[in-house]
Amino acid sequence: VWPPVEKWLRRWAVPLIILAIVMSQLVHFGVVVPWLDAWFGWPPDEPKFLRQTTFTRILFGVLLAHALHHPVTFERLYRWFGRRSAAPAAAAVLIILCNFLPADIRGFGRLLAHLAMLALLASTVIREDNGLRAPLTFPPLARIGALSYGIYLLHHIALGAVNRVLEPLGVRTLPLVEFVGASIAAIAIAELSYRLY
């Protein structure tokens, strides 16, 4: 949906992004869930993730791209995120949030995590020599970055395959084994997809 908006509705892109973020947050905070349930015809026992899926992170990224494209907003953002220490600081905040937020992050927890991700993104793209340049350009991590979209798309297939192997062995209940196995499988499948598809 978004590329045609950028091409043909450029003047309206930023207001539409802001409107979409507001709508996404209304869903995300549960403000419009009964209306959405009725509109989509979802019964009360429908999986909750359908209601919790929001596009805030992507919308924040698009808004950041617009802000970095204009000199005035670029300069303002550079004051906050242009220091070399900004990227490690944003990463530290995100790691802390990931470790201390409750398991159910609906509401402010998810919004805080999204804002921390936005700060990390801003601080790593606003200057090439940011404080995380060394680890982010480390070849194995850079390769995972190149494969990341494929990993995102294919990780459920990898997880399912790994669980099929682990179940007869009786080790599926070990989260670390499941995580490591699924991660390796997802990277391998994404690498094949990247090279062959």
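Buried here means under 20% relative accessible area, exposed means over 50%, and partly exposed lies in between. This is a predicted model. A search of the whole structure finds four salt bridges. Side chains of opposite charge can pair when their charged atoms come close.

**Arg-127 and Asp-129**
- A salt bridge links the side chains of Arg-127 and Asp-129, with an N to O distance of 2.8 Å.
- Arg-127 has 18% relative accessibility, so it falls under the 20% limit and counts as buried.
- Asp-129 is partly exposed, its relative accessible area being 35%.

**Glu-128 and Arg-133**
- The side chains of Glu-128 and Arg-133 form a salt bridge at 3.2 Å, N to O.
- Glu-128 counts as exposed because its relative accessibility is 63%.
- Arg-133, at 37% relative accessibility, counts as partly exposed.

- The side chains of Arg-195 and Glu-191 meet in a salt bridge of 2.6 Å, N to O.
- Arg-195 and Glu-191 both belong to helix α11, which covers residues 175-196.
- These two residues are four apart in that helix, so about one helical turn separates them.
- Glu-191 counts as buried, with 17% relative accessibility, whereas Arg-195 is exposed, with a relative accessible area of 62%.
- Arg-143 joins Glu-191 and Arg-195 in one network, built from salt bridges that share partners.

How values were computed:
Residues numbered from 1 in each chain as written. Predicted model: local features only at pLDDT ≥ 70, side-chain atom pairs only at ≥ 80, totals over all residues. Heavy atoms only, no water. Buried < 20%, exposed > 50% of the residue type's maximum accessible area, 1.4 Å probe, protein only.
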